[in-house]
Amino acid sequence: MADYAASAPPRPRRHPRADTARAVSFVRRLDWVMLAAVAALVGFGLWAIDGITRQDVAGDPDYYVTRQAMFALMGTVGLVGALFVDPSVYRRYRKAVYGLLLGMLLIVMVVGTEVRGSTRWIDLGFFQFQPSEFGKLLLALFLAGLLAERGKRVTESRTTLVAIGAAALPTLFVFFQPDIGTALVYGAILVAALFFAGTRWRDLAVMATVGAVLAAFVLWAGPAMGVEILEPYQRDRLTAFTDPSKNPRGAAYNINQSITAVGSGGLDGRGVTGATQTRLDYLPEHETDFVFAALSEQRGFVGASILLCLYLLLIWRGIRVIATARNPFAATVAGAIVFGLLFQTFVNIGMTIGIAPITGIPLPFVSVGGSAMVTNLLAVGVLQAIAIRRR
Amino acid sequence: MATVTRIPPRTRFMPRDPRVEEPYRMTPALALRLGVLGAIVLFVFAVLFFRLWALQVLAGDQYLAAAQDNQLRTVRVEAARGPILDYRGRLLVSNRIGTAAQVWTAYMPRRGRQRMLRRLSAILMVPVPELQKRLREHEGDPLTPVTLKEDLTQEEIFYLKENRRDFPGLELNDIHLRDYRYGSLAPQVLGHVGDVTEKQLNGGRYRHGDTVGQAGLEFSYDRFLRGTAGLAELRVDSLGRPRSKPLRSEQPQPGLALRTTLDAKLQRAAEDALVYGIEVARENDHWAADAGAAIAIDPRTGAIRAIATNPTYDPRVYVGKPDPRELRPLLDPKAAEEENFPGLNRATAGLYPPGSTFKPVTALAAMREHLVGPYEPLPCTGKMEIHGTTFNNWNPYVNEAMALATALAASCDTYFYQLGLDFYGLPPEYGSPLQKWASAFGFGKATGLDLGGEATGLLPTPEWRRKTYTKERYPDTWEVDRLWKSGDSVQLAIGQKDLLVTPLQMARFYALVANGGKLVTPHLVSSVEQPGTNGAVKAVFSPAPKDVNVDPAELNVIKDGLYRATHATYGTSAGVFGSFPVPIAGKTGTAEKSVDADGDGYAEMVDQSWWCGFGPTDKTPELVVCVVIENGGHGSTAAAPAALKIFERHFGREAPVVETGVETD
């Protein structure tokens, strides 16, 4: 099972007790602290969702929490499954991974269900599958494979450009769904993959500069010159957090309600019934994008801090996985996954407390959403698979 | 000496297995990058923690207040309107609880809203466009339920309650409705309430949805009656849909009670008297008699005891969301004309030539100007020729000399023609003394009644003629008509031609005669009180009478004349009042007014029947009554018997013998 060889030579005969020993070692090499952190996050998230969504479906207060628990279960099965897959497999089949990623996004484009002007979901009957969520993991695996394959040439700018080009395609698909949030996450995964694969600092600096100029152009300079890349409402949402008092009923409505919700939670929260921002629907999207605000309102600074600590624990253990990864590919995969989680966590929470732009990024392990839950647990499974096969 | 044991490094016997990949070791470069990531993680989490701390712990209270502010909406609670009482505290207008059908628009279904409205329309008998109009008026205000109909019947309430599920957003709420215990009593005086109008809203004192006095006392004393609305807090969600019952935070202050000077029983008697007077007129072939006004005031204070007008209406047509068809005679000018203007208060806004009831004015003015002595006889003849025009006396057979009192009692026209001529003959520097005195007695201007809506009447003067009859307006006749001629003075002396007065002005003048020369201000409201406490008075209204410079001796001659008019054999209304146990003095009037009484499209001169007087004359007079019956013929025919009815009610006595239909002036 645990296969330490990259290429698969004929296996030597094993001692009869070797299987048992290997299984013991397999279990012992799991990162139990990280698993505990994830389990706590999922459990805490389910408990929070239970309180937050009591009012949302008339006649069935447990609707969301039941579904979410079901997805958590599915994700756990995926997590365990991922443990048994040597990450090298992903490297070997990276083209298939890339093909799957692009294929799913294309299918969405054709048969996707449009919800509130955005085509992101494939209706599978019992739930709405969101390929772009799953794509986050696929993109990390593919980019790591691509960069690892370049070996020493990873430091060449050409390699960087190839990676950017390869990542740009799915990112643009997602961008035009439109789903700016997920597109940004794809960008973050790309940056993380390059960063941990060993791209030179100079190239990274150039990328950062180009990125900053591009963002400035899209958000401020472009509209000022009459060139609109984003829809004005998208631009407003992205920039509203810089001045929430400017348009309190429009673009900044969500931010203001969200900040009010978070602030009103105080130290120990207002409880489920007392949390009026959530209960009376002042807080929009309180089970998905603004779930952190709802949680903060109901559980206060104490609850929010517990959640933050769990994320910190998860990411700290993730960094350990990067450090002890067996090979550059594994390290790159782990780096992309960990940074992806960090990025989503920060942008989501930051958006609810007014220090990050409003983008539709879910809070990992907490926001209601099957695709994200399953994907994140799968990603943890991949991290664990790397940890098991560490040095 | 310590023994140092060196552990030898493991040595390899065999070369490395080439199939085993060289284990990957962390390079310094990766370590650096991991350090960078660690720093980013620390920074990010530090920022998140501090921001959360700032929001939740440092500024938590502030955001808590903001969150609470978010969901509490303040709504107004209408105060119960104050009652209107008569002088003894009888409830003329009070409140009753009615049931209103109201809908919260936010709870109405988006789909099927039309169907729901159609069903409601059929049940409530309110047309769909009307319902839609009301919903539209409240667009953008989800916090106030829209009233579809007030004052539901029991059947409607039962049906709506049983089928509640079919009407999401519908509520049945108790509301205050105006209650008129005396039915159709004095609607033109009491007035009515209604939804605030666009114009009133612009004044700034009212708000949308307010119920405001729209006419009569309800209108003129609205500021006392309406009370102060209370406040209630309502929990709402982000769409403004209420999630709780309103919680009172500020109790509404009910409106104050209005104590009027009216006597409900006398008022009823006055209204009945008008019906009776019109009936009597018709029995005596004055078939065009179709309207009238009566007013009874206390000559000592000017307090109005009764103020009646005919035709009238039932004020209950205004209660609830009124039926437009029932309101047409009150609002639509054309329909109002067909019904002979039931909404018009003829006692205060009806304009009539006063006829002979004006003679005491002429007499007083003539004595004041020394044109005639109180006991100086003047000829009373069947007719009189003045500057080539013959003026007839109403009684063509008389031919004797009369002193003032007799002339008043017999209502001798020629006597007063002479006075008019004397006024006309005064040198120009005297001005127009008759008009000057009439004006001092309150004619030609508003009396200041607290009801509002008064007509001022017309007191013609030479100047008025000059200004009115201009070349532009009367291109054919202006050259003649602009001049004040002797005929104008002569006619004015007997209250004819251009002179127009209201019954109220007339009653005020007779009050002056009765009280010895004081001009009172007629008023309807004596005080404003806290309701229910029986006497916690907030404000008292007792306008002081104004002294008019008349000689009591001269006034006594007038009183004598008026007494003889009701008691002497030659008195014009002696047949009516002669046998009434309480001594009453008063004057008839038969005023010619240009009316199209037969409906042929051409106006003809029709007699307006007047009677004005007071009693008791043996004590301090306590009641002045003025009655006019439109097209009712002679004063003694219709108006005097009607006035008698009012006195009978007031004094609780009945006249044993009453002659009606007597054809005297």
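Chain B has 665 residues, and 42% of them are buried. Before I go on, please keep in mind that this is a predicted model. Chain B contains 24 helices and 23 strands. If we take the contacts in chain B with a separation of 6 or more, 73% of them are between residues 24 or more positions apart.

Now chain A. With 391 residues, chain A has 51% that count as buried. There are 16 helices in chain A, and three strands. For contacts in chain A with a separation of 6 or more, the share from residues 24 or more positions apart is 70%.

Next, where the two chains meet. On chain A, 41 residues are in contact with 36 residues of chain B. Which elements of chain A give two or more residues to that side? They are helices H8 (180-197), H11 (253-265), H13 (276-279), H14 (291-323) and H15 (328-352) of chain A. The largest share, ten residues, comes from H14(A). Sorted by class, the side of chain A that touches chain B has 27 nonpolar residues, eleven polar and three charged.

Helix H16 covers residues 370-388 of chain A. Is H16(A) enclosed or in the open? Of its 19 residues, 19 are buried, so H16(A) is largely enclosed by the rest of the structure. At 1.5 Å a residue, the 19 residues of H16(A) should span 27 Å, and the end C-alpha atoms are 27 Å apart, so the two agree.

The other helix is H9, residues 201-225 of chain A. Here the number of buried residues is zero out of 25, so H9(A) lies largely in the open. H9(A) also has a kink of about 50°, centred on A:Phe217. The residue that follows H9(A) is A:Gly226, with a positive phi near 90°.

A:Phe129 is found in strand E3, residues 128-129 of chain A. Why does A:Phe129 count as buried? The cut-off is 20 or more other C-beta atoms within 10 Å. A:Phe129 has 21 C-beta neighbours inside 10 Å, so A:Phe129 counts as buried. Setting aside neighbours within four places in sequence, A:Phe129 is in contact with A:Trp121, A:Ile122, A:Leu124 and A:Ser371. A:Gly112 is 17 residues away from A:Phe129 along the chain, and their C-alpha atoms are separated by 9.5 Å.

Last, a strand in chain B. Strand E23 runs over residues 623-630 of chain B, and eight of its eight residues are buried, so E23(B) is largely enclosed by the rest of the structure. Which residues point which way from E23(B)? B:Leu623, B:Val625, B:Val627 and B:Ile629 point one way, while B:Val624, B:Cys626, B:Val628 and B:Glu630 point the other way, and all are buried.

E23(B) has two pairings to look at. Strand E11, residues 291-297 of chain B, pairs with E23(B) in the antiparallel sense over seven bridges. In E23(B), B:Val625 has B:Ala296 opposite. Strand E22, residues 604-615 of chain B, also runs antiparallel to E23(B), joined by seven bridges. There, B:Ser609 stands opposite B:Ile629 of E23(B).

That is what I have. Thank you.

Key. Residues are numbered from 1 along each chain as its sequence is written. Chains are lettered from A and ligands numbered from 1 in the order in which they are written. This is a predicted model: local features need pLDDT of at least 70, side-chain atom pairs count only at pLDDT 80 or more; totals for chains, interfaces and linings use all residues. Two residues are in contact if their C-beta atoms, placed from the backbone, lie within 7 Å. Helices (H or I, at least four residues) and strands (E, at least two) are DSSP runs, numbered from the N terminus. Ala, Val, Leu, Ile, Met, Phe, Trp, Tyr, Cys and Pro count as nonpolar, Asp, Glu, Lys and Arg as charged, and the others, Gly among them, as polar. The expected span of a helix is 1.5 Å times one less than its number of residues. A residue is buried if 20 or more other C-beta atoms lie within 10 Å of its own, exposed if 12 or fewer, and partly exposed in between; C-beta atoms are placed from the backbone. The bend at a residue is the angle between axes fitted to the seven residues ending there and the seven starting there. Two strands pair if DSSP finds at least two bridges between them.
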